[in-house]
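Subject: Structure handover

Hello,

Here is the structure I promised to pass on. Please open it alongside this note, and then read on for what turned up.

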Amino acid sequence: MDDDSPKPSTSNRWAQGYRDRWKWDKVTWGCHCVDCYPSNCPYRVYVKDGRVVREEQAGTFETIEAGVPDMNPAGCQKGAAWSEMLYGKERVLHPLRRTGERGEGQFEEISWDAALSEIADAMLDAIEESGAGSIVSLGTPGEGGTQTTNFARPVFSRLGVTSTDVQAEINDFNPGLYATFGRFDPVASNDDWFHSELLLIWANNPVYSAIPYYHYISESRYNGGEVVTIAPDFSPSAVHADYFLPVKIGSDAALALSMCRVIIDEGLMDTDFVREQTDLGLLVRRDTGRFLRASDLQADGSDEFFYLYDEARSEISPAPRTLDLKDLVPALEGRFDVTLEGGEVVQVEPVFERLRRTLDDYSPEDAAKICGTHPDSIKQLARKVAARRTRILLGWTTGKSYHGDLIERAMCLLLGLTGNWGKKGTGTRSWGVGMFDGPFTLDAKPRAGQDATRELVAGMDQMTKNLLAADPTLTQEILMAEFGYSGAASGGSVPPVFFWYHHCGYREVWNKGAANDPSMKRSFDEYLQEAIDEGWWSGTVRPPPDSPPRVLIEIGGNVLRRQRGGQRMLLENLWPKLKLIVSVDWRMTTTGLHSDIVLPAAQHHEKTNFPYTTPDVMNLTLADKAVEPAGEARSEWQITLALAKMLAQRAEARGLEEFEKPDGSRDRFDSLYDQISKFGVLDDDDAVIDEVVRDSVVMGTLPEGTTLASLREKGFVRFTGWGRSSMALAQASDLRPDETHSPFRWQTEKKEPFPTLTRRAQFYIDHPWFLEAGEELPVHKDAPSQGGDHPLEVTSGHPRWSANSMNSTSEIILQTIRGEPVAHINDGDAADRGIENGQDMRVFNDLASITVQARVTPAVQPGQLIMYNGFEPYQFKEWQDFSNVEPGMVKWLHLAGGYGHLRYRALHWQPVPIDRAVRVDVAPAEA
């Protein structure tokens, strides 16, 4: 409004004030690069006077497949309110150095040079004292997108610091899916849910955890499908389902196995699918319980070649190394004699025969006693699964449960018996990433520019071509997995289980018999030592037991909130060993409060960035820079480059020139910056972002002509190829521009093998440890009493009000809930203990006690306590959150290795911490 224009009257100033709120100076594309999975919701970000004043869903997605709804509007209340946190009181605006004791929250502002100098000196001290492995960089969830997960790591990877695997740090692993498929990450595009004729919401609560894409569940019902929610509690997702099947906590395997028995007993099994796709037709020796292998029949035979009984020829025949059976008809029943290489005659039988005997224990009536689901409901649902295109919308509760691997294997068996993968509307799900290959090729290139990328790609393609020619039964996915296995021992990320065991106090916890599986024949120590002695985890035990960690660096994560066992374990056992703790974050977290140096990171809309890319959405979504970073905050890329320069400067001052890398080679400190920035060409955020976009075009995953400039016009672009990541190739289906995506179509349509030991969906695991545990086939086992002999079992999940704890301090979001942490308790359990709704109660077990507000509800099953994650520990009374009553157990069996696909590679097979079904009790809090 011009100065000489008429001023609004007093009566309409409110209207003008309202209009002024809808004025802006510029609009940019935005997104929120957080671990809300699958993220990638395009937003329009409005800026006025250098501040973000509003953000709203763009709603610009196009329809992919005719007749299938588009993904619009894509977004949630957290995204719409996010910009408020850019200017919150908890924002870190300057580099901070601790002045009081750790955890007291006393800091002083210092310069960037002073902060980086202290960090560099501490890192150099550690390298000189005991090697770079004593510097620990914790694997960080995708809270900062490409900037955090890719651009913050190059210094660490070059120095050879201990970088822990994010999969175990956050535990969103699905071990049962991996044991079955050699992949944990089948992910259909969200619009493929529309094709499902039966959706099983199982161990999941998408009304809370999948807000932007929940509409596909409703739309599948409009399309004629049905929705069933299976959960202990009448969850918000149960409200909108056609059927709700209550199940006792941790008993889901019994339910799934009972449905499998119904399907077999009633002749509903897809026999041809079972023979082709699974290992149920492979022969097992009755004397040892091991697969019949070529090494049994020939002195020079392979341990990885297996046999079936061909009904067409009435003879034992080698099993094909692909899923193309040609004219073979594998027997599923019967016993057969076979003469071993030494002349001994033994009996063999198909896995299916052994499965039938296992399922004898899971009649609907017997299973009902375990899982609490009525036998008639079990039968009805089994028939529906057998007759319809069925998808299990699995969450991550199972992977966080002690016997969650058994639950997932039983679910996969249900899908396998009914032919429910490899076609639209079927299968199960986890989380997956990939397609955006540019950030991963950046580190491997000697110089900037796409010519260097083309040279790199040409070399990779030629190597792949040669290896595939040598063995036509291989696939590119299997090759990439093998590269991952072989490279795990030579550097990169390591499974943190050994770090926790040797340096964080978990050895004592994991050896407590009452908290472990009663079927363990030996102590945890004995299993771990055998795994190490056998070389199954070679090169990954870092830092070694006799070399304590000295520097801990957390970038975008919050280990004192995230770690099972939390402050109780880490502050007592790890913190005293550390000479320097560094937190890089945009706000003050619980970990930051206990750090020595806190560095301010730029937030969403303050730097050019991308969220991690997923098959759920199939897009590369731009999170553009709309405003300058608040205070002295910097992007992770700029922090990385500054640290590289400071390391060189401090090394020179100390007379240090070279360092030894994990592979034994040596490199120079003064070359770090040039290697990372490609001799300064990529020292600008926009330059490096544009580089990785253009590299992805060369890698074949983005359309020709895609650049940062073109993304700034539209905000996102659909991927055109899977690229070379094993996680992307694990989707195993052609990526078509005009169709929804459903995984495993390469198996059902092209007959490509699975990346498992048997090259099939593998339900029988004959690793000696699995045989010892009685888990060679999926079975039900009760969870051990983690936390002690207490009557309540805790479940959890992603909250509706926060992406993990990222939104927990937002004043807007806190106004939509009770404003403080709560625990959901059954009304009968609360009444028995004299607890009223809204009252503070004490949650306790043998490990610790915390105080939290009670939310009393009949929707929670008796004996269940729900504690959704999503709050900072300092938002709890006494600053003690639920992680303190978690023992942080891992399942010993996941240390097994040296067996086909049961080997470590980044983000895959490894022990992960457990936080479901922890035993507690509650009582009114003392006034």
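Which residues make a nonpolar surface patch of about 360 Å²? They are Y18, W22 and W24. Y18 sits in helix α1, residues 13-20. Its relative accessible area is 48%, so Y18 is partly exposed. Bear in mind throughout that this is a predicted model.

**The cores**

Now to the inside. Nonpolar side chains tend to be buried together in soluble globular proteins. The largest nonpolar core here has 192 residues. Within that core, L159, W202, W510 and L599 touch the most other members. Take L599 as a way in. Leaving out residues up to four places away in sequence, L599 touches P95, W112, A115, L116, I119, V582, S583, V584, D585 and I639. Another core lies apart from the largest one. That core has 48 residues, including F194, Y216, L814 and I835.

**Salt bridges**

Side chains of opposite charge can pair when their charged atoms come close. How many salt bridges does a search of the whole structure find? The count is 78.

One of them joins the side chains of D624 and R712, at 2.8 Å from N to O. D624 lies in the loop between β21 (619-621) and α27 (636-653), and R712 lies in helix α30 (residues 708-714), so this pair ties together parts that are 88 residues apart in sequence.

Next, look at D670 and R668. Their salt bridge has its closest N and O atoms 2.9 Å apart. D670 is partly exposed, with a relative accessible area of 44%. R668 is partly exposed too, with 33%.

Then there is E775 with K781. Their side chains form a salt bridge of 2.8 Å, N to O.

H195 is in the loop between α7 (175-181) and β8 (198-202).

S742 belongs to the loop between α31 (726-729) and α32 (745-750). S742 is buried, with a relative accessible area of 1%. A polar atom of the S742 side chain lies 3.0 Å from the backbone oxygen of K423. S742 and Q731 are 11 residues apart along the chain, and their C-alpha atoms are separated by 7.7 Å.

What does the side chain of N72 reach at 2.8 Å? The backbone oxygen of F61. A polar atom of the N72 side chain also lies 3.2 Å from the backbone nitrogen of T60. N72 is found in the loop between β3 (51-57) and α2 (77-80). N72 is buried, at 17% relative accessible area. Beyond its neighbours within four places in sequence, N72 is in contact with G59, T60, F61 and H215.

D242 is in the loop between α10 (236-239) and β10 (243-246). D242 counts as partly exposed, at 31% relative accessibility. Its side chain joins that of R221 in a polar contact of 2.9 Å. The D242 side chain also reaches the backbone nitrogen of V227, at 2.7 Å. The contacts of D242, neighbours within four places in sequence aside, are R221, G225, E226 and V227. D242 and E226 are 16 residues apart along the chain, with their C-alpha atoms separated by 6.2 Å.

Over to you.

Best wishes

How values were computed: Residues numbered from 1 in each chain as written. Predicted model: local features only at pLDDT ≥ 70, side-chain atom pairs only at ≥ 80, totals over all residues. Heavy atoms only, no water. Core = buried A, V, L, I, M, F, W, Y, C linked by side-chain atoms within 4.5 Å. Buried < 20%, exposed > 50% of the residue type's maximum accessible area, 1.4 Å probe, protein only. Contact = heavy atoms within 4.5 Å. Patch = residues over 30% accessible without salt bridge, like charges linked within 9 Å, V, L, I, M, F, W, Y side chains within 5 Å. Areas by Shrake-Rupley, 256 points an atom, 1.4 Å probe, with all protein chains shown as cover. Salt bridge = Lys/Arg side-chain N within 4 Å of Asp/Glu carboxyl O. Helix = DSSP H or I, 4+ residues; strand = E, 2+ residues; numbered from the N terminus. Polar contact = N/O pair within 3.5 Å; in protein donor to acceptor, adjacent residues only side chain to side chain.
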